[in-house]
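Look at the structure below before reading on. The report then goes through it part by part.

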Amino acid sequence: MVVVGAPSHVLRGTWSSFRELLSQREMLDLLIRRDLKARYKDSALGFVWSLIRPLTQLAIYYVVVGQFLQAARGIPDFAIYIFTGLTAYSLFSEIISSSTGSIVGNAGLIKKIYLPREIFPLASVGSALFNFMIQFSILVLATIVVGKFPLTPDLVYLLPSMFVLVVFALAFGLLLAAVNVYMRDVQYLVEVGIMVMLWASPIVYSWSMVRDVAGSSPLLELYTNNPVTLAVLGFQQAMWLGGDGTAAYPEHLMLRLLIAGAVGVVLVLIFHRVFARLQGNFAQAL
Amino acid sequence: MIESPMTPLSPPADTRPDVIVINDVSKRFVIRKDNSLKERLVTLGRLGRRHREDFWALRNVTATIKAGTTIGLIGHNGSGKSTLLKVIGGIIDPTSGSVSRRGRIAALLELGAGFHPDLTGRENVFLNAAILGLSRKETEARFDDIASFSGIGDFIDTQVKFYSSGMYVRLAFAVAVHTDPDILLVDEVLAVGDEAFQRKCLDKIRSFQAEGRTIILVTHSLGQVAELCDRAILLNRGNVVFEGPAHEAVAQFRDILEERRIGDLSEENAGAPVEVPRVVATTVHARGKGVGERVEHGDDLIVTTTFHHPGLSPEWFGAVQIDNSAGQVVYGTSSRLLGMNLSRFTGEWTLQFTLKDVRLGTGKYFVNISMMDESGRHVADAPQAAAFDVLYYPRAVGTSYLEPEIVELGAAGASR
């Protein structure tokens, strides 16, 4: 006989929900498809809309920050630079914002049917990854057009960077999705947080500008070791050839990324336990 | 266990394995009055306790459900039956206690839960089937059956937001019954749809029963419980009041409803000092038996009722009517139909109706009394002035009782 509901033992609980999720792969796949299909249904441009937003952002930052504020002077291939950072950051922000709303948005299902509830934040990760892929292929296309396709060993930075982004976004996505059920303020807080995080990472300016202001103080370390900053730097290292030789990167970027990845995995485990503890009352709190 | 007439084939209960064990389950709901971050912070800690209220939806519920049985969960609104069903389905966790189960479970708490309005019928079939536990391959294999069972034809590739509510429900039900659960949880879904659709639902439930699946049914229709279920669990304010054969649980539940109704009535009548014509008291019993004893077939029913009229009454008629628990009129007669002229009176006046040779089906019946003037206008009414129960007869179901007898005539045509 199987006991209904989540077991309370820490490790066994995580393991059994992992196994349960694995058995629901098809369900996850269908939910991701549903999200993607339903999002732009009945709109004439469809998926083009998912590109218009980042491209507009790119145009604004390129003109305002790059030309008017003259940030582009110290940064060669400024458009590629910004778009690399934006691509990385939009993966993170989309996972966080859509998984925060995922439990509340699927209230109809959660109140009526038992599914492992982790599946809804995970579906958000899936559809965000899909959008990321589109945006990333535009980025690759752009590098080819400019004639600076990054075929260098530095491409290896892509993997740990993406891993760090997804793992941290998933960890906080799980936590925020669960807390949002009980306090709807969270979703507004997340909007603000995402805006702050955009400017707290070297996306429209360069890391060396921060270093020049802060010097090599603990403050700089704090800024640099923000996982989003590390991942954005990793993306730039891999995809942005303009800075080769001239641009500055923090020391041991790869090591930092790997450590951040490990911390992220631990966070996922911890926040998943919080999620599992809170999910028992989802159906009645919604 | 006394077997209900609809399921005579089920084997004795004790030999079958348990599929669901509910062990001392309690569920507390905390009702909070502060829901935003600001209010939470303001009322943090000791103050916060004043802003919450505890409500026990279930208290120490223990029950065991055997494989292949059909169980009805009954009780009035707010008695905790839907909560219990959700705990069994894993949709909410109990505050204390545990539920264990065996086999694949499908919860039909709402038809079409998880339908996405912007997706087509076809896409929703796959999504909904996956939610109910079918793999993609299994769904593909059954897709044609599902589509033809639902009968929505070419609309299958239309977005479901354009469906009529009937098509929506039909498609949802088609998906639900084509999943292959060992345990089926059903909550009031049988109450929707037209009569033909309801019959389809009931037929499907019967075939599930015949296949030996376990069904847990929440419903307000006591007739359905008596008809479909082997056993029933009666809940009242979160406690199990009774667990046992369905017809006994139904009888007990009717008693509870009756007590509540009388309680409501006496409260209503408390502040009405104005003198109007009224029915003072009514009793009903079988000849030779006390009030409240069960009525057997062949008994003569004696209804005694006292009217009160403040002044001299007009020419009048007295009427009695018997309703079953569903409110359907089973029987009615009056002094007018008998061609009697009753005497005019002042103050109190008592009539006695004798209804001979009662042959009603099992269940609870209510006696309504009316006083009418010459034109048929009701002067005084006493709806459900008294009630009686008819003994359980296992040989037939329905409102009336006819003694059945079956003779086998063999192959068709042979005896004609």
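B:Val279 stands opposite B:Phe307, a residue of strand S11 of chain B. Strands here are DSSP runs of E with at least two residues, helices are runs of H or I with at least four residues, and both are numbered from the N terminus. This is a predicted model, in which local features need pLDDT of at least 70 and side-chain atom pairs count only at pLDDT 80 or more, while totals for chains, interfaces and linings use all residues. Residues are numbered from 1 along each chain as its sequence is written, and chains are lettered from A and ligands numbered from 1 in the order in which they are written.

S10(B) and S11(B), the latter covering residues 301-309, pair in the antiparallel sense over eight bridges. Two strands count as paired if DSSP finds at least two bridges between them. The open sheet has three strands in the order S10-S11-S14 (chain B), with antiparallel pairing. Strand S10 (278-286) and strand S14 (347-355) of chain B stand at the edges with a single partner strand each, so one side of each has no neighbour in the sheet. From one strand to the next, the twist averages 15°; axes are lines fitted to C-alpha atoms, for helices over the stretch in contact, and angles run from 0 to 180 degrees between N-to-C directions.

## B:Leu301

B:Leu301 belongs to strand S11 of chain B. Is B:Leu301 buried or exposed? B:Leu301 is buried, because 22 other C-beta atoms lie within 10 Å. The definition calls a residue buried if 20 or more other C-beta atoms lie within 10 Å of its own, exposed if 12 or fewer, and partly exposed in between, with C-beta atoms placed from the backbone.

Leaving out residues up to four places away in sequence, B:Leu301 touches B:Val284, B:Ala286, B:Val295, B:Leu355 and B:Val358. Two residues are in contact if their C-beta atoms, placed from the backbone, lie within 7 Å. B:Leu301 and B:Arg287 are 14 residues apart in sequence, and their C-alpha atoms are 6.2 Å apart in space.

Another open sheet has six strands in the order S5-S6-S7-S3-S8-S9 (chain B), and its pairing is mixed. At the edges stand S5 and strand S9 (239-245) of chain B, each with a single partner strand, so one side of each is left without a neighbour in the sheet. The twist in this sheet averages 15° from one strand to the next. Strand S3 (residues 70-74) and strand S8 (residues 231-236) of chain B run parallel and are joined by four bridges. In this pair, B:Ile74 stands opposite B:Leu234 of S8(B).

Strand S15 (residues 363-373) and strand S16 (residues 378-390) of chain B pair in the antiparallel sense over nine bridges. B:Met371 has B:Ala380 in S16(B) as its bridge partner. The hairpin of S15(B) and S16(B) has four residues between the strands, and B:Gly376 takes a positive phi near 90° there.

## Helix H6 of chain B

Helix H6 (residues 165-178) of chain B has 14 residues and reaches 20 Å from its first C-alpha to its last, close to the 20 Å expected at 1.5 Å a residue. The expected span is 1.5 Å times one less than the number of residues.

How many of the 14 residues of H6(B) are buried? The number is 10, so H6(B) is largely enclosed by the rest of the structure. Among them are B:Tyr168, B:Arg170, B:Phe173 and B:His178. The buried residues of H6(B) pack against strand S5 (105-108), H4, helix H5 (136-150) and helix H7 (195-210) of chain B.

## Where chain A meets chain B

The contact takes 23 residues from chain A and 31 residues from chain B. On the side of chain B that touches chain A, at least two residues each come from strand S1 (18-32), helix H1 (37-42), helix H3 (81-89), strand S4 (96-101) and helix H4 (121-131) of chain B. By class, this side has 15 nonpolar, eight polar and eight charged residues. Ala, Val, Leu, Ile, Met, Phe, Trp, Tyr, Cys and Pro count as nonpolar, Asp, Glu, Lys and Arg as charged, and the others, Gly among them, as polar.

Strand S1 (residues 2-3) of chain A and S4(B) run antiparallel, joined by two bridges. A:Val3 stands opposite B:Ser100 in S4(B).

## Chain B overall and confidence

Chain B has nine helices and 16 strands. Of its 416 residues, 35% are buried.

Chain B averages a pLDDT of 80, and 85% of the residues score at least 70; pLDDT is the predictor's confidence in each residue, from 0 to 100. Over residues 1-13 of chain B, pLDDT stays under 50. Where pLDDT is low, the predicted coordinates should not be read in detail. The model scores ipTM 0.73 and pTM 0.73.
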